[in-house]
Amino acid sequence: GEKLDGAVTSRIPKPTKVTFTPISRDALAASAFKDPEERVLNMAAIIDWVLQQSEVLSTNCSLAYRQKPQWSALHGRFETLLDSFVRLLPAGPDKTISQILFAISTKHSNAYMLGCSRPGSDNKLPLMPIEIWTSALRFQFQENMSAVSLQRIVSSLMGSLINDTTVGVDEAGTVTGPSRRAARSRTTMRVQGSVRREQAKVDIAISAGGGSDCVTSTAWLGHIGAAPGSLIFHPGRAKAGNLVTLVEDVEGELHDPKQFYMGTDLLGRTQYLAKSMGLGYAFYYMAQDKDVLGKGTTEEVIDHMNNLASAISQTLAHRGCQCRMIHLVDAGGDVLQTVLSNEGFMREEDIPRAQRDVWSLLLALCLKLRLGCDAELVVVSPGVDAQSVWLGDIPFFG
């Protein structure tokens, strides 16, 4: 019952004291690169190249983060909310959100931090400056951005994922194929008209896919001051019923590790805690079918993506709201690996087609076209989940 109202109250344990054992950068790097022949993505070089080469992205960041602090720092409101979520879910020390909180709590801006390995990472460890651990990288897609440019991004990325260059997206945000090139979704047109007549403006956050993304999406909306009534959509396993479902609160703590990736317990617990913090957001489970997206035909993928976009658009319209901005929030940066494979930096066979994060990004961009609003890709602590390093300028792999 007691509201946190954005602050850590006396009933929440105080942050754990953080201590550092100084070691040289070479010794730290040796811990990250146990195998001298190992290839690890150098995120610093990759993002630097992307920012220099991009002609269609407006970005709110710079790699010269020491000289130009244009990243969005995760201190302040984000830190307060994240601290509460980590302690009250509760989340173990190996979780991405716990590592990010640890980094924020250190207050050592000139240090490097070696993170924890995660399942499926082959024991690779992220090695990054504290400044990167405690920042968000924002790629912004403005409302006045050329629809042709955005359509090109979506078509290129989706086509490479399903190995079909005939797939695309039209100016209304409808995914199309060779048999539907001239088609336009009547549902989309009806929802757009309904939404635009309403005055209430809210934000939409789409969690990229991981459990940590659900929490960081919530903390991000609170951090930027998103209006009450804003919506958070978290993708998960497809199941019978609606594509989009409002979740029920989970009042009890999460004790089973499976609750962080199975079912809706994590989302329900996050919603319950968000309410206690005075955040008036609505949380929806989004049935994202990985079997279809990972193995389905082009037509099946097209239908599923359009159905998801329509379900979210209709949810917004039924709530009588208009979308101000869409935020695709990815804690750690897995989505960057997938996107960068399209630029030739990574082998396509190393990127599973069924990765939720990239399909969530494509969905967010299609929704931007449908709803006529701004959109952004927010990568919290870029490189953590990608198990990358932030050392030097070149090469792309080290």
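Analyst: Let me begin with a definition: angles under 35 degrees count as roughly parallel, over 145 as roughly antiparallel, 65 to 115 as roughly perpendicular and the rest as oblique. This is a predicted model, in which local features need pLDDT of at least 70 and side-chain atom pairs count only at pLDDT 80 or more, while totals for chains, interfaces and linings use all residues. Residues are numbered from 1 along each chain as its sequence is written, and side-chain values use heavy atoms, with hydrogens and water left out.

User: OK, at what angle do the axes of α8 and α9 cross?

Analyst: The axes of α8 (residues 211-224) and α9 (residues 265-276) cross at roughly 20° and come within 10 Å, and the two helices are therefore roughly parallel to each other. Helices here are DSSP runs (H or I, at least four residues) and strands likewise (E, at least two), numbered from the N terminus. The axes are lines fitted to C-alpha atoms, for helices over the stretch in contact, with angles running from 0 to 180 degrees between N-to-C directions.

User: And which residues make the contact?

Analyst: From α8 they are Gly211, Cys214, Val215 and Thr218, and from α9 they are Leu266, Leu267, Thr270 and Ala274, where contact means heavy atoms within 4.5 Å.

User: Switching topic, which residues touch the most other members of the largest nonpolar core?

Analyst: They are Ile204, Met305, Ile326 and Trp359, out of 52 residues in that core, and helix α13 (residues 356-371) gives the most to it, with 11 residues. A nonpolar core is a set of buried Ala, Val, Leu, Ile, Met, Phe, Trp, Tyr and Cys residues joined through side-chain atoms within 4.5 Å. Buried means under 20% relative accessible area, exposed over 50%, and partly exposed in between, using a 1.4 Å probe and protein chains only.

User: What is Ile326 in contact with?

Analyst: Leaving aside neighbours within four places in sequence, Ile326 is in contact with residues including Ile204, Ile206, Ala364 and Leu367.

User: Now the backbone: which peptide bond is cis?

Analyst: The bond from Leu89 to Pro90 is cis, with omega near -10°, and Pro90 is found in the loop between α3 (77-88) and α4 (96-106). For background, most peptide bonds are trans, and most residues other than glycine have a negative phi.

User: Then what about Asn163 and its phi?

Analyst: Asn163 has a positive phi, near 55°, although it is not glycine, and Asn163 is exposed, with a relative accessible area of 71%.

User: And Ser381, buried or exposed?

Analyst: Ser381 is buried, with a relative accessible area of 0%, and its phi is also positive, at about 50°.
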